[in-house]
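Please walk through this structure with me, one chain at a time and then where the chains meet.

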Amino acid sequence: MIRYTLRRFLLFLFTLWLLTIVTFSLGFLFPEFKHSDPTVGSYLAYLSAILHGDWGVSMSTGQDVTEQLWIHLGATIELSFLAMLLSLVVAIPLGILAAMNQRSMFDRWVVSAAMTGYSIPVFWLAQLLILLFAVHYDWFAITGQITPLYDIPTRTGAVLVDVMLSDSANASLAFWDAVNHMVLPVIVLAMMPLTMLIRIMRDATLDVLDKNYIKAARARGLSELKLMRRHALPNAMQPLIRQLGLQFSVLMTNALLTEVIFNRLGIGSWLVKSIYERDYPVLQSGLLVFASFILLINLLVELYHAWRYPQVRQELYAEY
Amino acid sequence: MRELLAHQRLALGALTIVFGLTGCQPDTPPAPLQNGLIYCSEGNPESFNPQLDASGTTVDATAAQLYDRLIDYDPESKRFVPALATKWQALDNGTRYRFTLRQHVAFHKTAYFTPSRTFNADDVVFSFNRWLKASHPYHDVNGGTYPFFTATGLDKLITDVERINAYTVDIKLARPDSSFLANLATDFPIILSAEYAQQQLDKGHPENIDRFPIGTGPFKFVEYRKDILIRYLRNENYWRQPPEIEQLVYSITPNANKRMLKLLTRECDVIPYPLVNELTAMSQEENIRVLSEVSPNVAFWAFNTQHPPFDDPRVRRALSHAINRAAIVQAIYFGNAQLARSILPPTSWAYTDVNASYQYDPAKARALLKEAGYANGFSMDIWAMPVQRVYNPNAQRMAELMQADLAQVGVEAHIISYEWNTFRRRLAEGEHDSVLIGWYADNADPDNFFRPLLSCAAVRTGSNRANWCNKSFDELLIKAISVNDNDARAEIYRQAQQVLREQQPLLPIAHSVRYQAQQDYIHGVKLPPYGGISFRNASKDLVKKAEDKP
């Protein structure tokens with residue numbers, strides 16, 4: 001495991017290093033933004049500035065990029081984790097139930113709904129939900145993280161955390177207001193991984209249910225519930241977890257769109273705005289952090305997967 | 001509405017289950033929502049000081065909220081009213097104005113400034129000298145351009161601002177000018193704090209004066225996050241009645257569609273510039289009110305009076321009678337404009353209705369043409385602006401409609417257009433037969449509609465699109481600005497409009513309308529006929545709204 005961890009970690013560092021080269025060369029792709037010469041020396045200076053947390057100053061707002069970076073990242077982490085959580089909480093039971101009742105009406109319904117959901121473009125889904133639940137029914141807010149009349153100081157960028165940290169007299173109202181702002185973007189964001197995870201979970205469960213040890217367990221007279229919980233579920237989770245990293249990457253791509261559509265604070269909307277405004281310091285560091293964040297999540301998922309399912313490690317080391 | 005509330009409770013219940021948390025929906029609206037107002041503005045202000053930027057967005061965001069001026073203009077009574085100056089009088093034949101200042105007016109106390117004294121003459125001298133004197137230490141801070149004062153010539157008109165005593169200030173003028181007070185009553189000559197300015201200068205950060213503003217206005221600055229919001233709090237020590245709302249937030253929403261959606265979802269209390277083609281749909285929403293105000297502008301058709309046959313007033317009058325202006329207003333502005341009955345909009349105190357001479361009457365037009373010797377008509381050019389302007393959203397289309405009208409009386413019209421800068425340059429050189437263009441006034445003074453547009457001096461500078469120089473008309477204009485009594489001036493302007501009626505160097509077409517949409521529980525946020533929006537008298541009545549519902 002240590003060996004595997006080290007290997008993955010080195011690969012992670014190497015990818016990060018490649019990323020810094022890419023962001024450094026951005027300066028030469030855009031003639032307006034000549035911060036230095038394309039020499040090894042200036043690259044090393046850039047690298048050392050990044051490592052020392054000196055990410056420059058935004059050309060659009062004049063604010064310190066490092067400080068802004070954490071706030072925007074905090075907001076994106078909050079939104080994407082909640083969306084991932086929602087998709088897991090919904091997808092796992094639905095996938096299992098569909099597998100247990102294979103070829104039933106329920107199964108067909110779940111599979112076709114998942115397929116449909118998977119085919120809906122995020123921006124269209126967002127508009128649809130806005131029109132239906134915000135404009136027509138007037139249930140949810142559609143822009144920002146919170147009604148700006150609640151004066152909640154931005155500390156972490158994650159609005160629910162900020163509300164809890166604040167000493168506002170209206171903290172509980174503000175919390176619900178923030179939740180209200182979060183519902184639609186979280187649903188939109190959860191949709192794509194949700195539909196994928198349902199299908200993965202269903203297929204994985206079907207696979208496992210077909211295994212001999214399940215038949216044996218059933219023959220020993222285990223109840224269906226116990227059978228699923230003790231034998232089927234832990235084994236069916238393995239392909240799902242293997243997919244989580246990939247699904248998270250897809251989710252992050254959609255987070256970019258979702259943050260823009262719902263005018264939410266976040267690294268995605270920050271990045272898009274910096275592109276429009278040719279704000280290169282923000283563009284450079286936003287890109288670097290956005291990509292590193294995805295890489296880091298993938299690394300963590302892989303490490304957990306390898307730790308939890310040792311057989312995977314063996315597959316990776318074919319020479320053993 | 002009952003259905004809607006039920007849905008809301010249902011949704012909230014569902015949420016509680018989903019998140020496994022308990023919350024309760026209060027019966028009365030939460031205090032921050034009840035006491036705050038959200039205005040979804042269309043853009044970021046360039047500065048927090050309207051002296052530096054005359055754009056509507058900056059003015060709406062700052063002028064009436066943060067600052068006060070020496071005098072204000074009251075559009076209801078159409079008079080100047082005291083603001084930071086309680087009294088003023090013209091001395092030395094109108095070349096010196098003495099202002100008596102209001103006492104006990106507090107400047108904003110904020111996290112970044114605590115005033116040690118109240119408003120006095122030093123603040124007036126500082127605020128005026130900043131843009132007046134190039135040698136002033138603050139003159140070049142944050143750009144050093146003062147567009148309003150340059151455009152109106154106020155920086156040339158005022159020769160000196162002198163402190164007589166702590167509460168008396170004299171402003172000396174190069175010559176008498178009765179539009180002077182009107183210019184003072186605009187959003188731009190605001191009063192800054194000299195004490196704060198000195199403090200920032202000592203700290204070596206003079207640029208803060210326009211970034212962390214201090215004024216005497218009804219609201220004080222809290223925070224500004226670019227592209228997101230501006231937050232103001234009520235100035236509890238305001239010298240007038242302090243505002244009813246405690247908090248004022250500008251939620252910056254450049255996208256017009258999104259502004260409308262946010263109004264529908266009640267994330268905005270008030271929005272400016274709703275989409276014109278959505279106005280009907282929006283006014284049918286039961287909780288939304290659409291306000292409109294004829295803004296001080298005019299679209300007109302100017303004849304180049306130096307090109308025959310337009311040197312003959314009969315030809316000009318004939319052409320005016322040939323145009324069906326009511327149909328044009330309907331087709332071009334979708335009814336969102338008023339038919340012009342004079343060059344002055346009806347909101348001006350000097351307005352006179354001279355519509356009779358512009359009436360659509362093709363028979364009369366033909367008779368006049370015959371009288372002038374053009375019984376068989378002639379051919380002419382209409383120059384149409386290539387760009388959209390507040391006063392004319394589509395000059396090209398307007399020219400096409402006029403082309404059809406003119407054909408009815410035997411006049412063949414060709415439509416001409418160039419790229420905007422070329423268009424204006426060739427216009428100034430007088431190459432056109434006639435042109436469709438317009439004017440947007442800077443202030444409430446009627447002079448602003450006459451001298452820049454129709455004086456002999458304007459022929460020389462090229463802004464007189466009719467190239468029309470009439471000695472007796474010019475004398476009337478000069479007489480009007482050297483008289484100070486408003487009633488006497490109104491009489492002179494009435495005569496001037498009669499001259500225009502007879503001579504018709506141009507045909508006024510329409511005064512377009514500015515729109516604003518808001519929730520029905522918002523009161524006291526009116527669209528001002530001149531200048532920026534003000535939230536001083538705004539109030540929000542969510543409680544009453546809730547009681548109204550069954």
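Which domains does the domain assignment of chain B give? The assignment, which is automatic or taken from a database, gives domain 1 (31-43 + 217-287 + 520-542), domain 2 (68-210) and domain 3 (297-512). Taken over C-alpha atoms, the centres of domain 1 of chain B and domain 3 of chain B are separated by 37 Å.

This is a predicted model, in which local features need pLDDT of at least 70 and side-chain atom pairs count only at pLDDT 80 or more, while totals for chains, interfaces and linings use all residues. Residues are numbered from 1 along each chain as its sequence is written, and chains are lettered from A and ligands numbered from 1 in the order in which they are written.

In chain A, an unreviewed UniProt entry places the feature "domain: ABC transmembrane type-1" at residues 73-301, an annotation that may be inferred rather than shown by experiment. Over residues 73-301 chain A is 79% helix and 0% strand, where helices (H or I, at least four residues) and strands (E, at least two) are DSSP runs numbered from the N terminus.

Turning to where the chains meet, 25 residues of chain B are in contact with 19 residues of chain A, contact meaning that the C-beta atoms, placed from the backbone, lie within 7 Å. On the side of chain B that touches chain A, helix H1 (2-19) of chain B gives the most, with 6 residues. The residues of that side divide into 13 nonpolar (Ala, Val, Leu, Ile, Met, Phe, Trp, Tyr, Cys and Pro), 5 charged (Asp, Glu, Lys and Arg) and 7 polar (the others, Gly among them).

Conventions:
Contact = placed C-beta atoms within 7 Å.
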